[in-house]
Amino acid sequence: MSIQEWFEKRKEAQIERRAKEIKGVENDAPELWTKCVHCETQLLKTDLEENQMVCPHCDYHYKISARKRIHQLVDEDSFEELFTGVKPTDPLEFFDSESYADRLKKAQAKTGLNDAVITGIAEICGHKIAIAVMDFEFMGGSMGSVVGEKVTRIMEKALELKIPMLAVTSSGGARMQESALSLMQMAKTSCAAGKLDEAGILYINLLTEPTFGGITASFGTLGDILIAEQGARIGFAGRRVIEQTIRQKLPEDFQTAEYLLKYGQVDIVSKRRNLRKTLANILEMHEA
Amino acid sequence: MATVLDFEKPIIDIQNKIEELRQLSESSGLDLEDQIESFEKQAEDKKKELYSTLKPSQKLQISRHSERPKFLDYVNLMCEDFIELHGDREGMDDRAIIGGIAKFSGKPVMIIGIQKGKSTKENLEYNFGMPQPQGYRKALRLFKHANKFKMPIITIIDTPGAYPGIKAEETGQGAAIAMNLREMSKLSVPVIAIISGEGCSGGALGLAVANNVMMLEHAYYTVISPEGCASILWRDAAKFSDAADALKITSGDLLEFGIIDEEIPEPVGGAHTDYEATAKSMKDAIDRALNKLSGMSPEELRNQRYDKFRKMGQFIEM
């Protein structure tokens, strides 16, 4: 047995032990425990948190908030948030079963964010970098005018400071409630990515669960290096739309990070725990 | 007989009456010319009235009319000596996107468009105007050709969206569109884009990062099809008419939001009723746009295009 295996065995044993313990404590302190949404193992929430929201038992990668992602990726206290004053409005006065204005308010209350992206400057293992991190909890991470504007501004900042740019995506695509204005954010962010390209500034995409539609079709795939987080689903059209169009059953692993790697669509598939190191290495090797 | 749209029924009713009167006049020898004339005027007035107050969902129907002029019709009616340039050089010639060099008002241009069919057979050939990544990559190859030889680029767009298929995903549908958006911003020649029918989502935008974006009067341009939007937000695709209203998809709306530069008028009754008049209207608009852009340096063209899209969007800043 290798040391690695021994550690893993021990971890499993710990989990089992705790799973047994739960029977006693479940009713007293349910908030301490959670069941893995993938393997259904009982987990101590603190264990899940400590393991970067990856199930220690089955390696399932949970979706995480933008704040948590930033915390995991960048050096402690290095993040300086920018463009916090850019806030959404309801230009179309869009109404379906609920008004867009109300949906925005709810999403803001739920996430504590103004909109679906956080932008700023940070350091990763001492390497200065401009970052945009999307938050799926804010209306499915959809891109409207605010996301487009903030992503464009942070790219312009990277251009001005001549530092690399990292975009971490998690989004269903463009935001329907701003219709063509959202569509135009795809053009706007892609044009900004073009400026980085021409200036020879390193741009990295980290594609996380899920990245679809208007994001893969714009700034989300224009990086010089594309990293997909393990297990993330990435694509242009949604699975259901494809199934309805072609009336065929799709492969089980269709549109997963691993599937995209097989078809040459991403450079790297990485586990969450290796991301920071991988990014640091890439940044170091691109420093002139 | 041409496909009749349901909202055109009042016109068809009057036209049927005219036809009856004509037959009656012939069989009975009565002179009914005055009555016929009055009905004809009524039909014309009704048509004008209907077509000046179209609802978004009715425009949607016109934009999808099977007899609406398609890209190659416009090429034939507006250009001379079109030479099609095929293929992406990586194993495919996507027929949903067609492009080539042609003379436009006597000058060479690169003209690229999304082609739909008028029959099932044609639609199968052109994949219902739904391009694959290879189509966008062919377009990019042609954009670069035009840039190299300093030809203005004209794109004509009519698509329900990029194709949602297995191979399209495996070969990078999203990435292919993204690359076009980025690379179009770098072109040093005038780029003019026209939404001629359906301008649906990223599949349309993939050819539309232009100095000047115009739309035919009854075309639509949106982030998602009204049906797609309705099935997600209303959980019922049949509510597409509500979604079409909410999405603000018409040329009038998009002019207001600064997303398009100009609306190109269509003949009363829609583009499908008069190909020549529609093509002339479009050609005049393109000529005017080309004239305006022809005085600009490559740098100015790039900057104007970048600034145009840079400004798009609406938000509050605290």
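Which residues are buried in helix 5 of chain A? Before selecting them, note that this is a predicted model in which local features need pLDDT of at least 70 and side-chain atom pairs count only at pLDDT 80 or more, while totals for chains, interfaces and linings use all residues. Residues are numbered from 1 along each chain as its sequence is written, and chains are lettered from A and ligands numbered from 1 in the order in which they are written.

**Stop 1: helix 5 of chain A**

Select residues 145–161 of chain A, which form helix 5. Helices (H or I, at least four residues) and strands (E, at least two) are DSSP runs, numbered from the N terminus. The buried residues of helix 5 of chain A are Ser145(A), Val146(A), Val147(A), Gly148(A), Glu149(A), Lys150(A), Val151(A), Thr152(A), Ile154(A), Met155(A) and Ala158(A). A residue is buried if 20 or more other C-beta atoms lie within 10 Å of its own, exposed if 12 or fewer, and partly exposed in between, with C-beta atoms placed from the backbone.

Helix 5 of chain A has 17 residues and reaches 24 Å from its first C-alpha to its last, close to the 24 Å expected at 1.5 Å a residue. The expected span is 1.5 Å times one less than the number of residues. Lys162(A) follows the helix, with a positive phi near 55°.

**Stop 2: the sheet of chain A**

Now show the strands of chain A. Seven of them form an open sheet with mixed pairing, in the order 3-5-6-7-8-9-10; two strands pair if DSSP finds at least two bridges between them. Strand 3 (80–82) and strand 10 (268–270) of chain A are the edge strands, each pairing on one side only. Neighbouring strands of this sheet are turned by 25° against each other on average, direction ignored.

Helix 5 of chain A packs on this sheet, touching strand 3, strand 5 (117–124), strand 6 (127–134) and strand 7 (165–171) of chain A. Its direction makes about 25° with that of strand 5 of chain A. Axes are lines fitted to C-alpha atoms, for helices over the stretch in contact, and angles run from 0 to 180 degrees between N-to-C directions. Two residues are in contact if their C-beta atoms, placed from the backbone, lie within 7 Å.

**Stop 3**

Go to residues 179–199 of chain A, helix 6. Of its 21 residues, 17 are buried, so helix 6 of chain A is largely enclosed by the rest of the structure. Its end C-alpha atoms are 31 Å apart, which agrees with the 30 Å that 21 residues should span at 1.5 Å a residue. Gly200(A) follows helix 6 of chain A and has a positive phi, near 70°.

Then pick Met285(A), in helix 9 (residues 272–285) of chain A. Met285(A) counts as exposed because it has 8 C-beta neighbours inside 10 Å. Its C-alpha atom is separated by 34 Å from that of Gly140(A), 145 residues away along the chain.

**Stop 4**

Switch to chain B and select strand 2 (residues 97–104), where six of the eight residues are buried, so the strand is largely enclosed by the rest of the structure. Four bridges join it to strand 1 (residues 79–84) of chain B, running antiparallel, and Ile83(B) stands opposite Ile101(B). Eight bridges join strand 2 of chain B to strand 3 (residues 107–114) of chain B, also antiparallel; here Ile98(B) stands opposite Gly113(B). The hairpin of strands 2 and 3 of chain B has two residues between the strands, and Ser105(B) in this hairpin takes a positive phi near 50°.

**Stop 5: where the chains meet**

Finally, display both chains. In total, 43 residues of chain B are in contact with 51 residues of chain A. Helix 8 of chain B gives the largest share of the chain B side, seven residues. That side divides into 26 nonpolar, 10 polar and seven charged residues. Ala, Val, Leu, Ile, Met, Phe, Trp, Tyr, Cys and Pro count as nonpolar, Asp, Glu, Lys and Arg as charged, and the others, Gly among them, as polar.

Strand 4 (residues 86–88) of chain A runs antiparallel to strand 9 of chain B, joined by three bridges. Lys87(A) has Ile316(B) as its bridge partner.
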